[in-house]
Amino acid sequence: MNEAQERLFNLLIEIDDLCSQHNIDYCLAGGSALGAIRNQCFLPWDDDIDLYITRDNWNKLFDVISKNPELLPENRDLVCIENSKYYRNPIARYIDILNKMDSDYVQKTETNNTTTVLTNLDTDTLKQLIK
């Protein structure tokens, strides 16, 4: 695992802990699921973690975070259409606001009304397989 993947994995652990505590179901998807099953780790070129979550579970997650922002670790944010004026990507992002790539993205989004596609979420299976 490279440094960026370790950072992503830590974000995954945080989301997984929050979802577990609030009975919110989600699953790994895309390259994240493939890497977990086939490589027992990230795919070497993977630079994101993909999660699938049902609308009901998404609403529950969004509601929990909106009503209890203190549940997120310091310097973290959930960026999505529902809570960000200029964010127009249908894919929500869980970000580390101190990370240069994430903070540049958020700043760019709020000033230029532009978006980039990047996802930072994922599951228990990956958590166990990567250890």
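Helices (H or I, at least four residues) and strands (E, at least two) are DSSP runs, numbered from the N terminus. This is a predicted model, in which local features need pLDDT of at least 70 and side-chain atom pairs count only at pLDDT 80 or more, while totals for chains, interfaces and linings use all residues. Residues are numbered from 1 along each chain as its sequence is written, and side-chain values use heavy atoms, with hydrogens and water left out.

**Whole chain**

Start with the whole chain in cartoon view. The chain has five helices and four strands, and from the N terminus on its elements run α-β-α-β-α-β-β-α-α. Switch to a surface. The accessible surface comes to about 7400 Å², and 51% of this belongs to carbon and sulfur atoms; the areas come from the Shrake-Rupley method with a 1.4 Å probe, and for residues only the protein chains shown count as cover. Of the 131 residues, 44% count as buried. Buried means under 20% relative accessible area, exposed over 50%, and partly exposed in between (1.4 Å probe, protein chains only). Among the contacts with a separation of 6 or more, 59% are between residues 24 or more positions apart; contact means heavy atoms within 4.5 Å.

**The largest nonpolar core**

Select Trp58, Leu61 and Leu78. Of the 25 residues in the largest nonpolar core, these three touch the most other members. H1 and helix H3 (55-67) are the elements that give two or more residues to this core, and H1 provides the largest share, seven residues. A nonpolar core is a set of buried Ala, Val, Leu, Ile, Met, Phe, Trp, Tyr and Cys residues joined through side-chain atoms within 4.5 Å.

Stay on Leu61 and show its surroundings. Leaving aside neighbours within four places in sequence, Leu61 is in contact with Leu18, Cys19, Ile24 and Ile53.

Next, select Glu14, which is found in helix H1 (residues 3-21). Which residue's side chain does the side chain of Glu14 join in a polar contact of 2.7 Å? The partner is Arg76. A polar contact is a pair of N or O atoms within 3.5 Å; within protein, one must be able to donate a hydrogen and the other to accept it, and residues adjacent in sequence count only if both atoms are side-chain atoms. Beyond its neighbours within four places in sequence, Glu14 is in contact with Pro73, Arg76 and Tyr94.

The side chains of Asp96 and Arg76 make a polar contact of 3.4 Å. Asp96 is buried, with a relative accessible area of 12%. A polar atom of the Asp96 side chain also lies 2.9 Å from the backbone nitrogen of Leu98.

Then select Ile97, in the loop between strand S4 (93-96) and helix H4 (100-112). Ile97 counts as partly exposed because its relative accessibility is 37%. Draw a C-alpha to C-alpha distance from Ile97 to Asn75: they are 5.3 Å apart in space and 22 residues apart in sequence.

Select helix H2 (residues 30-39) and colour Ser32, Gly35 and Ala36, which are buried. These residues are on the same side of H2 because they cover an arc of only 95 degrees around the axis; the arc is that of the directions from the helix axis to the C-beta atoms. An α-helix has 3.6 residues a turn, so residues three or four places apart point the same way.

Step on to Gln40, which follows H2 and is found in the loop between H2 and strand S2 (51-52). Gln40 has a positive phi of about 55 degrees although it is not a glycine. Most residues other than glycine have a negative phi. Gln40 is partly exposed, at a relative accessible area of 41%.

The other stop of this kind is Asn23, whose phi is near 50 degrees, also positive. Asn23 sits in the loop between H1 and strand S1 (27-28) and is exposed, with a relative accessible area of 58%.

Select Cys27 and Cys80. Is each buried or partly exposed? Cys27 is partly exposed at 37% relative accessibility, whereas Cys80 is buried at 1%. The structure holds zero disulfides, a disulfide being a pair of cysteine sulfur atoms within 2.5 Å.

Finish at Ala4 in helix H1, which is partly exposed at 40% relative accessibility.
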